Amino acid sequence: MGHSATGEVICYKEMDKDDHFYGFGEKTSFLDKRGEKMTMWNSDVFAPHNPEIDALYESIPYFMTVNKGKAHGIFFDNTFKTVFDMKSSDETYSFSAEGGVINYYVLAGPSPKDVIKQYSYLTGRMPLPPKWAIGYHQSRYSYETEDEVRELVQTFKDKQIPLDAVYLDIHYMNGYRVFTFDEERYPNPGQLIADLKNEGIHVVPIVDPGVKVDPEYSTYQEGIQGDHFCKYMDGKIYNGDVWPGNSAFPDFTNETTRNWWGEKHDFYVDKGVEGIWNDMNEPAVFNETKTMDLAVVHGNDGYPKTHRELHNVYGLLMGKATYEGLQERLNGKRPFLLTRAGYAGVQRYAAVWTGDNRSFWEHLQMAIPMCMNLGISGVPFCGPDVGGFAHDTTGELLARWTQVGAFTPFFRNHSALDTVQQEPWEFGEDIEAITKKYINLRYIWMPHIYSLFKEASDTGVPVMRPLLLEYPADPEVFNLSDEFMIGDSVIIAPILHPDKNHRAVYLPKGTWINYWTGEEYSGQEYHLVKANLDTLPMFIKKGAIIALGQEKRSTEEKDKRVTFHVYPSMDGGDYFFMKMTGGPLITRKERLLKAMCVMK
Ligand code: GLC
């Protein structure tokens, strides 16, 4: 351990030749982070995400070491900029911070799942999200008018494609002023939201932290009068440019400001909103450093600290203000919050999407280890922009990405201004049939997926898992980045390249059944699997029971019947009986429904 004259602190640890490293929140590159050096500094990165970018929107200074099947974790609870160096030496690794103290927790494991349970016990677990949050969501920067939103929803209806939420990006506002609607584009938002709710669809508006500097704008006036904005030590308010132009930023480190911000959500809740999308909360500022001046001093409830020290928790605290504000206003309904920035513990308030990816096959590939490592880092509710945000997607990429999205915990198609439209029907009938098939599949699999969300909210063990969590001693899975598990008995092995209809699939110990064909495969082997554009390779472990529901228009429509698909196994015969009586296989409500078993 060390402490430099400039206040930097560093801790070295021995590195064993069999150590493999996972977690670190939201990072690019492959699953195993041995050989990587990563920085924790919440950053808005629009430039294409690639393996060289070592700081993105989330900072989770935590990782898990797995060595021959045994695991332990380290949570370095330091909000300054931190660096984890698993690269510079073969004998040691280090973690360091620009300031503060070496304050870290060792999570003893011994299994990878134990480490996640311990870490999430410490930093908190995801509250069970409302079911609609787990359905299919459609977004675009931006659906600019009320008519456009109505037409979009009508098209989903006409084409019988399920839909649970539509997002309103920044154009819904009056000059990008948060807590306003543009009166021309959105003349009657309350009616729009009510009408959509009647169709079983929720509206999720974006709320950024930047408040436009405008003396005639009530939120700015209140912020000034209530002393809610971030300031320098001499009391001068910090202003920076974001979407609305010159803006002030609420100081979420103060409880009074968090309460004020929470109360502001009356504006949305009164119109029927139950979910909010927080963006630009690193905070992002359009300047050289891409963020707030580090010399700003946050109030921090009477314990003032610089932005240099609290930068990484700005998004987390905005999430806390928003989530708690919604919770207080929703009369017992569960709120939904989506965030771009966060710190360790962000899962207590929000789902995380992985920011501004592009419509690149490489970004589809990267999304899988990124989300698996977020899951290991205590954030089970995560997903990328399906189809890719920037750049023009293609029908083939959208089809393959929708197949993956059907099984990522968060499932939202979102794309940027000036890119081709990428709603499920934009690329002709063949692609539409495929995107529709997989959006439907999400709803059919909803009872199983929702049960896994329940497990994640109870234990922290993620919904989307690397094979490593279930088979930590199998060397084939240490860096397996192109397959993932849903729970403990389903493997998804998507096609992640253009013009490919075959891939090698590794199946670990056990016997595995092809979900589509019923074909049986032996484990601890690679198999060449065929998958035309309409096929997502999926494998179920023998001995499992999967609870499946039905196609529906949205999660508002209840399953009339839940079917238990039993994959009996001679060697694991009592496995599924244990599952039936023990685990939260089905939610309480569904338990009352008539159950039917189908033997596979
Ligand atoms: C940021 C977000 C993106 C959003 C855009 C406009 O780039 O990451 O999702 O569409 O801002 O609000």
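This is a predicted model: local features need pLDDT of at least 70, side-chain atom pairs count only at pLDDT 80 or more; totals for chains, interfaces and linings use all residues.
An oxygen atom of the ligand sits 2.5 Å from an N or O atom in the side chain of Asp-356. Residues are numbered from 1 along each chain as its sequence is written, and side-chain values use heavy atoms, with hydrogens and water left out.

**The ligand and its surroundings**

- His-414 also has a side-chain N or O atom by the ligand, 2.9 Å from one of its oxygen atoms.
- For Asp-279, the distance from a polar side-chain atom to an oxygen atom of the ligand is 3.0 Å. (A polar contact is a pair of N or O atoms within 3.5 Å; within protein, one must be able to donate a hydrogen and the other to accept it, and residues adjacent in sequence count only if both atoms are side-chain atoms.)
- On its own the ligand would expose 310 Å², and the protein buries 97% of that. (These areas come from the Shrake-Rupley method with a 1.4 Å probe; for residues, only the protein chains shown count as cover.)
- Who stands around the ligand? The residues are Tyr-141, Asp-169, Ile-170, Ile-206, Trp-243, Trp-277, Asp-279, Arg-340, Trp-353, Asp-356, Phe-389 and His-414. (To be near a molecule or strand, a residue needs one of its heavy atoms within 4 Å of it.)
- By type, this shell splits into seven nonpolar residues, one polar and four charged. (Ala, Val, Leu, Ile, Met, Phe, Trp, Tyr, Cys and Pro count as nonpolar, Asp, Glu, Lys and Arg as charged, and the others, Gly among them, as polar.)

- (Helices, H or I with at least four residues, and strands, E with at least two, are DSSP runs numbered from the N terminus. Buried means under 20% relative accessible area, exposed over 50%, and partly exposed in between, using a 1.4 Å probe and protein chains only.)
- S12 pairs with strand S11 (residues 137-138) in the parallel sense, over two bridges, and Gln-138 stands opposite Val-166. (Two strands pair if DSSP finds at least two bridges between them.)
- To get from S11 to S12, the chain goes through helix H2 (residues 146-158) in a right-handed β-α-β crossover. (Right-handed means that, with the strands pointing away from the viewer, the path from the first strand over the helix to the second runs clockwise.)
- S12 also pairs in the parallel sense with strand S13 (residues 202-207), over four bridges, and here Val-166 faces Val-203.
- The link from S12 to S13 runs through helix H3 (residues 189-198), and this β-α-β crossover is right-handed.
- S13 is joined to S17 by two bridges, again running parallel, with Ile-206 opposite Trp-277.
- S17 is covered on both faces: Gly-275 and Trp-277 on one side and Ile-276 and Asn-278 on the other are all buried.
- S17 and strand S20 (residues 336-339) pair in the parallel sense over four bridges, and Asn-278 stands opposite Thr-339.

**An antiparallel sheet**

- Three strands make up an open sheet in the order S14-S16-S15, with antiparallel pairing.
- Its edge strands, S14 (211-212) and S15 (239-242), each pair on one side only.
- S15 and strand S16 (residues 245-248) are joined by four bridges, and Gly-240 is opposite Ser-247.

- The peptide bond from Tyr-141 to Ser-142 is cis, with omega near 0°; Ser-142 belongs to the loop between S11 and H2.
- Another cis peptide bond joins Glu-282 and Pro-283, with omega about -5°, and Pro-283 is in the loop between S17 (275-278) and S18 (297-298).
- Asp-301 isn't a glycine, yet it has a positive phi of about 50°. It lies in the loop between S18 and strand S19 (305-306) and is partly exposed, at 40% relative accessible area.
- Asp-418 isn't a glycine either, and its phi is positive at about 65°. You'll find Asp-418 in the loop between S25 (412-413) and helix H11 (428-444), where it counts as exposed at 76% relative accessibility.
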